[in-house]
Amino acid sequence: MGDVVYDLREVRRARYAVAAVFAVHGAVTGSFATRVPWVQEHASLSAGQLGFALAFTAFGASCSMPLAGRISHRFGSRTALRGLIALWTLALVLPSLAPNMLTLCLAMFVYGASAGMADVAMNALGVEVERLLDRSIMSSLHGMWSAGALIGSAAGTLAAHLGSDARLHFALAAAALTLLGVPACRWVLDIQATEDEEPPPRFTLPPKSALLIGTVGFCAVFAEGASLDWSAVYLRDQLATSAGLAAACTTGFMLTMALARLVGDVVVDRFGAVRTVRAGGALAVLGGLLIVVAGHPAVAMGGFALLGLGIAVVVPLCFAAAGRSGPNPSQAIAGVATITYTSGLIAPSLIGGVAQATSLVVSFVLVTVLAGGLAAFAGVLRTGDRSRQEVSLPSAAVPDPRP
């Protein structure tokens, strides 16, 4: 890639195209999340059976992520992303067609596998565009994912309120998102492997650099998963709030993260990844402490807002650091993604287990401790800092790459 020259307008266009793909990816997730109760009822599952089936999402993603690099190597980044985002959007239909636990497990495995491969492919392209522009864009890209998730969730909430059959809802959403996502891929960078470049292995352990970076991502995603799934329960059970106020806390947490990600690149460019994550870790710890000691709903809601603000840009920065950490960005990104997906899987159940044995307050003490890990391990994000010497844009275009 070092000897490939891109026109500045082409790179800017690629940035917006990748942002659109991130939004589409998030919209699929948001659409599905709102109809999980319908899926559970349609498949006649207990809560435990549903949890077991949903675990296959992370299992499928973890198994498939290493394949994304090989697919991009074989077909080129543009064609690969076009196919993978179509596979992901169309996979939305599968869970609604499952009549029992076995078929739902299979559907969630395919759903998770397609999500994971598209995730790795789009993040790898985002890292490459960031390198060419020589400024942070990964936070805003993940902000677009969060915005897409909110839009998909809003549409799903409306469909559920109207009593729509999820099979129809998912079919319409899949068609619309495919028609948005696939054409957007036309303008992403088309990175082709050279003739002498070895294809990445089908399956491999994450490189050491990815494990270190993934540790930071693990802490952030654990706090995110715990807050998304348990914030409403915390307000309802610990502070005796209404169901509406409890739900508003979760929505507020999501909005805080989305807004912080959309503006986070300015902060990262000004202070750097390490200082940004350390400051975010401090905010997250403060938020966690407010949650733990809260005697009033407003204090707890403020704590969750601070927690969301503190962890918002961590995962985007982890993906960016992984993509710059070695000669094979897709492999490193896949490693970090696998760790973060695993964290997102175990967080809700571990929080529930600790709460069952002790209390939800103790569970969020654990979240607060892990949030402190962001500040402790932020130094690993120095890996592969951007350098203008590596930028492949024509020199005349470098001084002012901003739109």
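In which loop is Asp-134 found?

View 1. Helices (H or I, at least four residues) and strands (E, at least two) are DSSP runs, numbered from the N terminus. Along the principal axes, its C-alpha atoms fill a box of roughly 60 × 45 × 35 Å. Of the 403 residues, 51% count as buried, where buried means under 20% relative accessible area, exposed over 50%, and partly exposed in between (1.4 Å probe, protein chains only). Contact means heavy atoms within 4.5 Å, and among contacts between residues at least 6 apart in sequence, 86% join residues at least 24 apart. The mean pLDDT (the predictor's confidence in each residue, from 0 to 100) is 85, and 90% of the residues reach 70 or more. Over residues 386-403, however, the pLDDT is below 50, although this stretch has 43 contacts in the model beyond near neighbours in sequence.

**View 2. Asp-134 lies in the loop between helix 6 (101-133) and helix 7 (138-161).** Asp-134 has a positive phi of about 60° although it is not a glycine, and it is buried, with a relative accessible area of 14%. Most residues other than glycine have a negative phi. In helix 6 itself is Glu-128, which is also buried, at a relative accessible area of 11%. The C-alpha atoms of Glu-128 and Val-11 are separated by 9.6 Å, while the two residues are 117 residues apart along the chain.

**View 3. Ser-44 occupies the loop between helix 2 (36-43) and helix 3 (47-75).** Its phi is positive, about 55°, although Ser-44 is not a glycine. Ser-44 is exposed, with a relative accessible area of 61%.

**View 4. Helix 9 (residues 208-239) bends by about 55° at Trp-230.** The bend at a residue is the angle between axes fitted to the seven residues ending there and the seven starting there. The expected span of a helix is 1.5 Å times one less than its number of residues; the 32 residues of helix 9 should therefore span 46 Å, and its end C-alpha atoms are 43 Å apart, which agrees. Ser-231, also found in helix 9, is buried, with a relative accessible area of 0%. Not counting residues up to four places away in sequence, Ser-231 touches Ala-226, Cys-249, Thr-250 and Phe-304. Just after helix 9, Ala-240 takes a positive phi of about 55°.

**View 5. Helix 14 (residues 329-357) has a kink of about 30° at Ala-347.** The kink lies shortly before the proline Pro-348. With 29 residues, helix 14 reaches 41 Å from its first C-alpha to its last, close to the 42 Å expected at 1.5 Å a residue.

**Notes to all views.** Residues are numbered from 1 along each chain as its sequence is written, and side-chain values use heavy atoms, with hydrogens and water left out. In this predicted model local features need pLDDT of at least 70 and side-chain atom pairs count only at pLDDT 80 or more, whereas totals for chains, interfaces and linings use all residues.
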